[in-house]
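Please read them with the structure open beside you.

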Amino acid sequence: MQYHKVEICGVNTAELTVLTEQEKRTLLERMHSGTPDERRCAREKMINGNLRLVLSVIQRFTGRGENLDDLFQVGVIGLIKAIDNFDPTLDVRFSTYGVPMVAGELRRYLRDNNAIRVSRSMRDTAYHAMQVKEELTAESGREPTVEEIAARLGIEKEQVVLALEAIVEPVSLYEPVFSEGSDTVYVMDQVSDRDDDRGWLEEIALKEAVRKLSDRERRILSLRYFKGRTQMEVAEQIGISQAQVSRIEKGALDAIKREM
């Protein structure tokens, strides 16, 4: 996939490194068990190899008049916190832990720079709720419910909801959540009855998994599932056998499942 050159904080985003899950796991393990120089080197590579994750997340926070460079720098702070606090012994993908951490750092930044006045007690409650949310996410490897956050804080869940909503700016239904090339996901695409961000997180994970497929695998999946072609029609169009189409399709779907 061809990425266009976009410079943020002097970084050419088209040249950003993309790490595989195994490479991430290896670097995280080296950060905990290597020599001081190896740990420092592994940490730097881990940060640089996940900057595209930060770009994916800040798409959700654009359109509010904030400087893109500022959002990127704040997102990188969240990424560094995620890298330093992630436990590689857990059976959890780094992005599952890292994305909420980056998003939380961006929310704190926007909250602190929000022109709308919110009472000090309400801000304090919201701040503690976000801290607890990050702690529970680190402990369980998933997004906690409002009830779990309220129980940890010892307050009613309604107080948690009101506090968190008080520090969030209104969001347009047409605000982009994730964008890659000409394919953009908007807030309205993610509206549901669910109480957490799992939907848009899964969307990002799916995008990352599909991006790692070969051009032929992506083309076959596109023809099969977006254009409704049969395996025989795909075989004729690409110039391979139906058996090869079936094998490549199955391998691509298995690869996406492993990444997800």
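This is a predicted model: local features need pLDDT of at least 70, side-chain atom pairs count only at pLDDT 80 or more; totals for chains, interfaces and linings use all residues.

Which residues form a positive surface patch?

1. The positive surface patch is formed by R216, R219, K227 and R247. Patches are made of residues with over 30% relative accessible area and no salt bridge, with like charges joined within 9 Å and nonpolar side chains (Val, Leu, Ile, Met, Phe, Trp, Tyr) within 5 Å. Lys and Arg count as positive and Asp and Glu as negative, while His and the chain ends are not counted; the place of a charge is taken as NZ of Lys, CZ of Arg, CG of Asp or CD of Glu. Accessible areas come from the Shrake-Rupley method with a 1.4 Å probe, and for residues only the protein chains shown count as cover.

2. Residues are numbered from 1 along each chain as its sequence is written, and side-chain values use heavy atoms, with hydrogens and water left out.

3. The structure holds 15 salt bridges, a salt bridge being a side-chain nitrogen of Lys or Arg within 4 Å of a carboxyl oxygen of Asp or Glu. Among them is the contact between the side chains of R152 and E135, at 3.6 Å from N to O. This pair links distant parts of the chain, with R152 in helix α7 (residues 146-153) and E135 in helix α6 (residues 120-140), 17 residues apart. R152 counts as partly exposed at 41% relative accessibility, and E135 counts as partly exposed at 40%.

4. The side chain of R152 also meets that of E139 in a salt bridge, at 3.0 Å from N to O. Since R152 lies in helix α7 and E139 in helix α6, the pair ties together parts that are 13 residues apart in sequence. E139 has a relative accessible area of 51% and is exposed.

5. Elsewhere, K81, E105, R108 and E134 are linked in a network of salt bridges.

6. How many aromatic pairs does a search of the whole structure find? The search finds two, where rings of Phe, Tyr and Trp (its six-membered ring) pair if their centres lie within 6.5 Å, and planes under 30 degrees apart count as stacked, over 60 as edge-to-face and the rest as tilted. The rings of F86 and F94 have their centres 5.5 Å apart and their planes at 85°, so this pair is edge-to-face. F86 is buried, with a relative accessible area of 3%, and F94 counts as buried at 2% relative accessibility. The rings of F86 and Y97 also have centres 5.5 Å apart, but their planes are at 50°, so that pair is tilted. F86 lies in the loop between α4 (68-85) and α5 (94-112) and Y97 in helix α5, so the pair ties together parts that are eleven residues apart in sequence. Y97 is buried, with a relative accessible area of 8%, and ring pairs link F86, F94 and Y97 into a cluster.

7. Helix α3 (residues 51-58) is mostly covered, with eight of its eight residues buried; R52 and S56 are among them.

Notes
Helices (H or I, at least four residues) and strands (E, at least two) are DSSP runs, numbered from the N terminus. Buried means under 20% relative accessible area, exposed over 50%, partly exposed in between (1.4 Å probe, protein chains only).
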